[in-house]
Amino acid sequence: MKYEIIVVGGGHAGCEAAIASARKGHKTLLITGNINNIATMPCNPSIGGSAKGIIVREIDALGGVMGEVADKTLIQMKMLNYAKGPAVKSLRAQVDKVRYPREMLNTLRQEKKLSIKEGMVEDLIVKDGTVYGVILNTGENITSNIVILTTGTYLKSDILIGNTRTRSGPHDESPSLYLSNNLKKYGFNILRLKTGTPPRIKRETIDFSKAKKEEGDKKYYTFSHSNQHYYDIEKQDPCYLIYTTEETKKIILDNLNKSSMYGGLDDITGVGPRYCPSIEDKIVRFSDKEKHQLFLEPESHFYDDIYIQGFSTSMPRNIQEQMVHSLPGLEKAKILKYAYAIEYDAIYPTQIKPSLETKILNNLFTAGQINGTSGYEEAACQGLIAGINASLKLEDKEPLILKRNEAYIGVLIDDLVTKGTKEPYRMLTSRAEYRLLLRHDNSDLRLSEKGYSVGLLSLEKYQKFIQKKENIIKLIEKLKEIKITVDTEKRRTTMTVFDYLKNPNANLKEVNSLFNLNLNYEDEIIEEVEIQIKYEGYIRKVEREAEKKLKNEAKQIPENIDYDKIPNLASEARQKLKEIRPLSIAQASRISGVNPSDVSILLVYLRKYYNE
Amino acid sequence: MDDTIVAISTTTGVGAISIIRLSGEEALKIASKVFTKNLTKEKSHTIHYGHVIDNGEKIDEVLITVMKSPKTFTREDVVEINCHGGIATTNKVLEVILKNGARLAEPGEFTKRAFLNGRIDLLEAEATMDLISSKSETARKISINTLTGETSNLIKDLRNELIQIISNIEVNIDYPEYEDIEQLTSTKILPSINKFKKKLQEIIKKSEDSKVIKEGITVGIVGRPNVGKSSLLNALIEEKKAIVTDIPGTTRDIVEGTIIIDGIILNIIDTAGIRESKDLVEQIGVEKSLEIIDSADLVIFILNNNEEITEEEKRLLKKVKDKKHIIVINKIDLEKKLDRKKIEDKYIEISVKENIGITEIKKEIKKLFNMGKLKTNDLTYLSSARSIALLHKALSSIDEALQEIEKNSPIDIIEFSLKVAWDYLGEVIGETYTDELLDELFSRFCLGK
């Protein structure tokens, strides 16, 4: 049986990759260790968050599925950073951990070009630097034109609890034992990373009266631009806020050497993420803090587990019991699943091209945690891009490469392939220098055209986007014509609504009702127009800045350039350029260790090169 | 990088020896054409004695240093000619070299080549530029400080302060639910931004002072024909030595004369008509005067005590008011015909002829530029025009942030301007990368899931 595309791994990256390939008409096979664990959420029970919520919107605008699946299965929804500015607003949903994977599996099953197979991939079929398929642990060979690896944390993963190290993936699944060794054999540099997850508690053993209730927003939101919501705002599940106690701190400090990371194991090589430290890390690094914030989050309507966000640890089980019981309201809590840390292999992402095809092997794409990222959303968006670009390659078309001023997805992939990463990479708004352009509200305006032209976004969604775009233009034109008379402190003035909206405290909805303007537009149009008018000055400024910086994006560097032949490059820059092999001058200038003088030298050299 | 460039690399008119430097592939060939000896076969890093010759005529007795690529400042072939004959002869030598195929270097072009050829980095390039053009001991000290990185530290401290504010806002955004980190609002950050602004202003002021110490003050003398501009210039210089260059464009501003007051150099720039002989009617147009007013740091505007004020003078008076200026009424030894009331400004009465009031002018200059208070022992300030311009840009971004606070804009919009300011400061020292911000986030705040 021959496939066009094989996707290895059924996590968030794998699902998007498989669906994108199949929807684009390519015969696709998804191989996963356990079909019941497709698109599970082994860590926190939420999707979205600051910046991450915008990634989910972007996935939806390009024609991916994470947004829709989350909309259908969420149990609480919040708009974060509502008052902090238009660019940083972002959705976060608490998602039902049983319904999400089930819904995703349904979505996968609807794809006629997609087959799903249980199995463990341990090697690739490789000939002359090109991949031709995969080899399972049973010895079975399956051939394909392209392979996409989305192996998550399953490459040689070890679960660490106290002084125990167990070779296993999450959910007691067996990991891939040889694939990362084989990748090394083909020339990949392998990176060892680490992450962790907190304990899960039986709901009815918690006294929630000692915790502060955190409700969802009383307004409907959706990740998907279809704006179809499936939940009832009055029936959202609450989360709860508690704090660690002095006793928690004492227990942790007294038993620190029993934690895997603090002496429990002496062979830790994985690098953990700074933004997601274990509770023992927090206590040690911020020793002057008396207490740390924890959230109690429901995992599902179908079972009882409560997730303690902020309490990830690799302490032995008996210490975890003491730690949990030191928390207010959890004195008698029963632990259903113990916390653990997990170590796994990844590849250095500088070995990947911006299309997500690897530089080492032709027709091999990688996405998700294998590329050094962390997070469901980060994984999903890479899976989507890998799926799209694998298909485009089969179709003999140029890959879809999003720029830093077009999408968080563009920022993420550019960061990975240009700067690499030493810790699991998480998206943050601070990573996006043009974030004023990368907003929740305009994800579709930025990306739907691209999603449609690569052949993934449905016609229905595309038409909705075109309609929205037209309405925005219409409304802005209208606002430039309608004049209103307003009283300011000093005097009475007549101005267009357009000009009035430049005032930061002005609100179009209010103006609409106050002056009986009869503007009948959907909320999202009103909001979009208001943002575009109010922040026009800043948005233009960022656009100009982006244009200036990205101008060098057009200055391509020939793929076969020999950096050893360029005189006077600083040796660090030379080495970095040889490693990363940037596609453009702009990308070269973003590599750390490549200084402006090196870029000038490169420019001068290229000028000569092109003249010859 | 193909042609050979040449320039007088010592400051014109300062010092007994002038050095003319050539750089480029043909440097040796061109030098040989004008020298008594063929230099093309000579070893690198050797010095040769001889004469510069033009059409068989000896122009100057010189020492020539031959330095071959790559061990030179520009990494190209470099020839340096030490001229001994003063400014006029030096200019003549330059003219001969230009005639023989070299191109006059643009300002800073040698350093630019050194930079492009990988010989020096950006900050070094600037500092070297300063070092070369520094005329006094004080200025040299500032240049050395830049090279050793004290200036960088000054900017690093400033940026560090700003990033504390920025990272606090970023944490609020990236971790919206972390209560234990203070949620910053515009009113909460106002005091720290104001404090930062004050500090930045202070540094800008000191940097500008430092620029005065190093580059001196450009002075324009403006006035009607025969009002006594050249006499005043000569009186200020105290000796009748107006330096004149014959080749247009050898320097950007044509410096007519140089005065040193309290160790500060005053460069008196082209005061049109001053070179004309007294028999000719000077043709100073209003336009030319306006040009001078624009480019000078200080304008000395001379009126004639013996004549009524003209409409043109009234116009120029208005224009001068936006600048640092001194209004001078000359010829008080003659009959008083000028109505003082029409000046509507402070003025100094002088008579160049009788040597009255010259000291007052010098005193006023000192006062205007705060010269007594310019500290010459504290020189860790930036002084390149580029750095100062960037500092000003940073300051106006801070002002924008303050305006947004005033307007009650969302915190992300306020932070936008703060970040722009932070980037400008980074540009001064050649760093603008956002990883610093991330490192700051993770080291200062306790975050995590």
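Reader: Before we start, what should I know about the numbering and the model?
Author: Residues count from 1 along each chain as its sequence is written, and chains are lettered from A and ligands numbered from 1 in the order in which they are written. The model is predicted, so local features need pLDDT of at least 70 and side-chain atom pairs count only at pLDDT 80 or more, while totals for chains, interfaces and linings use all residues.

Reader: ok, at what angle do α1 and α9 of chain A pack?
Author: About 30 degrees, with the axes of α1 (residues 12-23) and α9 (residues 376-394) 7 Å apart. Axes are lines fitted to C-alpha atoms, for helices over the stretch in contact, and angles run from 0 to 180 degrees between N-to-C directions. Helices are DSSP runs of H or I with at least four residues, strands are runs of E with at least two, and both are numbered from the N terminus.

Reader: Roughly parallel or roughly antiparallel?
Author: α1(A) and α9(A) are roughly parallel to each other (angles under 35 degrees; over 145 is roughly antiparallel, 65 to 115 roughly perpendicular, the rest oblique).

Reader: Which residues make the contact?
Author: Among them are His12(A), Ala13(A) and Gly14(A) of α1(A), and Tyr376(A), Ala379(A) and Leu384(A) of α9(A). Contact means C-beta atoms, placed from the backbone, within 7 Å.

Reader: And how do they divide by type?
Author: Twelve are nonpolar, seven polar and one charged. Ala, Val, Leu, Ile, Met, Phe, Trp, Tyr, Cys and Pro count as nonpolar, Asp, Glu, Lys and Arg as charged, and the others, Gly among them, as polar.

Reader: New topic. How far apart are domains 1 and 4 of chain A?
Author: Their C-alpha centres lie 29 Å apart. The contact takes four residues from domain 1 of chain A and eight from domain 4 of chain A. Domain bounds come from an automatic or database domain assignment.

Reader: Where is Lys89(A)?
Author: Lys89(A) is in the loop between β4 (74-80) and β5 (90-95) of chain A.

Reader: Buried or exposed?
Author: Lys89(A) counts as buried, because it has 23 C-beta neighbours inside 10 Å. Buried takes 20 or more other C-beta atoms within 10 Å, exposed 12 or fewer, and partly exposed is in between.

Reader: What does it touch?
Author: Leaving aside neighbours within four places in sequence, Lys89(A) contacts Met79(A), Asn81(A), Tyr82(A) and His440(A). The C-alpha atoms of Lys89(A) and Met79(A) are separated by 6.6 Å.

Reader: Last one: how many helices and strands has chain B?
Author: Chain B has 14 helices and twelve strands. Buried residues make up 41% of its 449 residues.

Conventions. Contact = placed C-beta atoms within 7 Å.
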